[in-house]
Amino acid sequence: MPGFTEVGLWLQVYREMLAIRLFEERVHDLYRRGKMPGLAHLYIGQEAVAVGVCRALRPDDYITSTHRGHGHCLAKGAAPDRMFAELLGKAPGYCRGKGGSMHIADPDSGNLGANAIVAGSTGIATGAALAAKMRGSDQVAVCFFGEGALGQGILYEVMNMAALWRLPVIYVCENNLYTEYTHYTETTAGEPAARPAAFGIPVQEVDGQDVRAVYAAATAAVQRARAGEGPGFLLCHTYRYLGHHVGDVDRSYRSREEEERWRRERDPLQLLSSWLTAQGLAERSVFERMEEEVRRELEGALAFALDAPYPEAEEVARHVYA
Amino acid sequence: MPSAAAIPPASSAAREITFAQAVREALAEEMRRDPRVFIIGEDVAEAGTPFKVLSGLVQEFGPQRVIDSPISEAGITGIATGAAVVGMRPVVDIMFGDFITLAMDQIANQAAKVHYMSGGKLRVPLVVRTTLGATRRSAAQHSQSLHAWVSHIPGLKVALPSTPYDAKGLLKSAIRDDNPVIFFEDKMMYTLRGPVPEEEYTIPLGVADVKRPGTDLTMVATSSMVQVALAAAEALAAEGISVEVVDPRTTVPLDRETLVASARKTGRALVLDEGYEQYGVTAELAAVIAEGAFYHLEAPVRRMGAMHVPIPFSPVLEDLTVPTVERVVAVARELVAAT
């Protein structure tokens, strides 16, 4: 029977997943109303992975993220107001409006940056782990990527070195089934889990919709890495509710029935709230109240970003060189 | 004008060391000075690289700081970028300049852009040391000079030392720089000897050096071509033609003022570089001179680079592909004769 503190943890976890869900819904809405420039790749459906993994980390641990990175940034501690500002290309954004949706970095929360090259940040995360080891710190680095990164060579180059040198890095593969617009079985030969195993990296396959399972697996991998036992690999089975990006609306490569089934049966927020209520640990009304609060906070964050100024012209040539 | 720091000591007592020794000394001194500096690359430890440039470093600093890597150029460049982002100061060794192509995503899309994309919050104090230069009979995949590739990308600095003195001073500055610096060493020059003082010095990135003063013609030459230009200048001096040889030393940042001032003074300019001429560094240097010194020029700017062919193996063919002293002298004569 979970104790009081554990209930507090799961309610906090629920709140973080909810914040990502509602943040992403706001982004979707902004885009559809033509308020947001560029692209956004939404994370809705995959919230349990970001929150389950980041909950297992300390604030001084590192993450790197992907083009679908809003969830990772929020889970690691980024503030929604500055994230909205970045998405809108505004001056107070995390990257002063120069990175946008795909490049949010927040070193204060250990986020070394989202990356728009598939597998592009796998080297950076592994290098952060190398640095941690060289400095004798017990920090770990988590490298988030989608199953599409399994097609990129650099992932195997850095996993080889991480295994050889027992680096404290955890590779978190979010298999949301679709490598952009193509089912992963059409792009990925053999079993994904066999690939890190070939380097001797321990693999844990996880139900990526069950935040408790993700958290447990991540905690184990983090403990191993922190103890100097080398890298880990979490293969999280999950689902992207929406398209590859906000403009991918017809999604002809998959059925609406499939999408509905995941939403109805495998939704990470529902799975956690149902478990909490079934265990008698929380009332339904708790979640309703929480949703009101989070919505109110996000309204304030968005209002801040909408009102924020755009960068001054001289910003364009700033920070090319340090 | 060369900066004060750039003038080698005039003392005849100054010791002479090779280009390779100068590189090694720079690395050793910076590694002693700063525990964040480390080396990573293929065969860098016991082997000390095929060119023996790093011999002895692993004995002093150990395999934790002179790290032998797998043959994974993209991987080691990415890992070094990540280590730099969190505060280390890695020096990556890419054995042949041709192989930067394998690491190009990490160089051009990651290392070069992290600082800008993060709005200035993250820094990448990374050095990628690699080689350039043909005429080693190594054929097309081991002979290219690809510094134009990286000079093209905002966010990267690019150094092209031409003497042991410059190699040491520029490499120390590169290691201390908070930006990614791609450092090209001409593999034909590793045995070149030159004066290098015992005492500490650095050379700022972005300051050109007048390697030889002259009045009739400016030769702007980079890396290996500096030695070619100096030999050509010597030959031309016998004919009464006074050549000023200007070495930019870094293509990024580029010391435009020194180049333009020299061209304005002499009224004629020939630009020499071992990279491919087409869309290459010579185009940029010639354009800078044309823009800045046009009304002072008595003839169009000329440029000489590598032929637009994969570098061939046969010695007879390979020697045709890059500027030689004889060809440079011939073009210089034409330029001076033109009015």
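Reader: Which residue in E7(B) does Leu132(B) stand opposite?

Author: This is a predicted model. Start with the general idea. Strands of a sheet pair through backbone hydrogen bonds, either parallel or antiparallel. Now the case here. Leu132(B) faces Asp186(B) in E7(B). The pair belongs to a parallel run: strand E5 (residues 127–132) of chain B and strand E7 (residues 181–186) of chain B are joined by six bridges.

Reader: What is the strand order of the open sheet of seven strands in chain B?

Author: Read it as E3-E2-E4-E5-E7-E6-E12, with mixed pairing. Strand E3 (66–68) and strand E12 (250–252) of chain B are the edges. Each has a single partner strand, so one side of each lacks a neighbour in the sheet. From one strand to the next, the twist averages 20°.

Reader: Which helix lies across E5 and E7 of chain B?

Author: Helix H7 (residues 164–176) of chain B does. H7 of chain B also lies across strand E2 (37–41), strand E4 (89–93) and E12 of chain B. Its direction is at about 160° to E7(B).

Reader: Now chain A. What order does its open sheet of five strands have?

Author: The order is E1-E2-E3-E7-E6, and the pairing is parallel. Neighbouring strands are turned by 20° against each other on average, direction ignored. Take one pair in detail. E6(A) and strand E7 (residues 232–237) of chain A share five bridges in the parallel sense. Within that pair, Glu205(A) has Leu235(A) as its bridge partner in E7(A).

Reader: At what angles do helices H6 and H8 of chain A run to strands of this sheet?

Author: Take them in turn. Helix H6 (residues 153–164) of chain A runs at about 145° to E3(A). H6 of chain A lies across strand E2 (141–146), strand E3 (169–175) and E7 of chain A. Helix H8 (residues 211–226) of chain A runs at about 160° to E6(A). H8 of chain A lies across E3, E6 and E7 of chain A.

Reader: How should I read a helix pair? At what angle do the axes of H4 and H11 of chain A cross?

Author: Look at the angle, then the handedness, then the residues. The axes of helix H4 (residues 80–87) of chain A and helix H11 (residues 284–307) of chain A cross at roughly 40° and come within 8 Å. H4(A) and H11(A) are therefore oblique to each other. The crossing is right-handed. On the H4(A) side, the residues are Pro80(A), Asp81(A), Phe84(A) and Ala85(A). They meet Leu298(A), Ala301(A), Leu302(A), Phe304(A) and Ala305(A) in H11(A). By class, the contact of H4(A) with H11(A) has eight nonpolar residues, no polar ones and one charged.

Reader: Back to strands. Is E13 of chain B enclosed or open to the outside?

Author: Count buried residues. Seven of the eight residues of strand E13 (residues 269–276) of chain B are buried, so E13 of chain B is largely enclosed by the rest of the structure. Strand E10 (residues 217–221) of chain B pairs with E13(B) in the parallel sense over four bridges. There, Thr218(B) stands opposite Ala269(B). E13(B) also runs parallel to strand E14 (residues 302–306) of chain B, again joined by four bridges. In that pairing, Tyr276(B) stands opposite Ala306(B).

Reader: Which residues have a positive phi without being glycine?

Author: First the rule. Most residues other than glycine have a negative phi, and most peptide bonds are trans. Glu180(A) has a positive phi of about 60°. Glu180(A) sits in the loop between strand E4 (178–179) and E5 of chain A, and is partly exposed at 42% relative accessibility. Another case is Thr135(B), with phi near 70°. Thr135(B) lies in the loop between E5 and helix H6 (147–151) of chain B. Its relative accessible area is 25%, so Thr135(B) counts as partly exposed.

Reader: Which residues does a cis peptide bond join?

Author: Val252(B) and Pro253(B), with omega about -5°. Pro253(B) is in the loop between E12 and helix H9 (256–266) of chain B.

How values were computed: Residues are numbered from 1 along each chain as its sequence is written. Chains are lettered from A and ligands numbered from 1 in the order in which they are written. This is a predicted model: local features need pLDDT of at least 70, side-chain atom pairs count only at pLDDT 80 or more; totals for chains, interfaces and linings use all residues. Side-chain values use heavy atoms; hydrogens and water are left out. Axes are lines fitted to C-alpha atoms, for helices over the stretch in contact, and angles run from 0 to 180 degrees between N-to-C directions. Helices (H or I, at least four residues) and strands (E, at least two) are DSSP runs, numbered from the N terminus. Angles under 35 degrees count as roughly parallel, over 145 as roughly antiparallel, 65 to 115 as roughly perpendicular and the rest as oblique. A crossing is left-handed if the near helix is turned anticlockwise from the far one by less than a right angle, and right-handed if clockwise. Contact means heavy atoms within 4.5 Å. Ala, Val, Leu, Ile, Met, Phe, Trp, Tyr, Cys and Pro count as nonpolar, Asp, Glu, Lys and Arg as charged, and the others, Gly among them, as polar. Two strands pair if DSSP finds at least two bridges between them. Buried means under 20% relative accessible area, exposed over 50%, partly exposed in between (1.4 Å probe, protein chains only).
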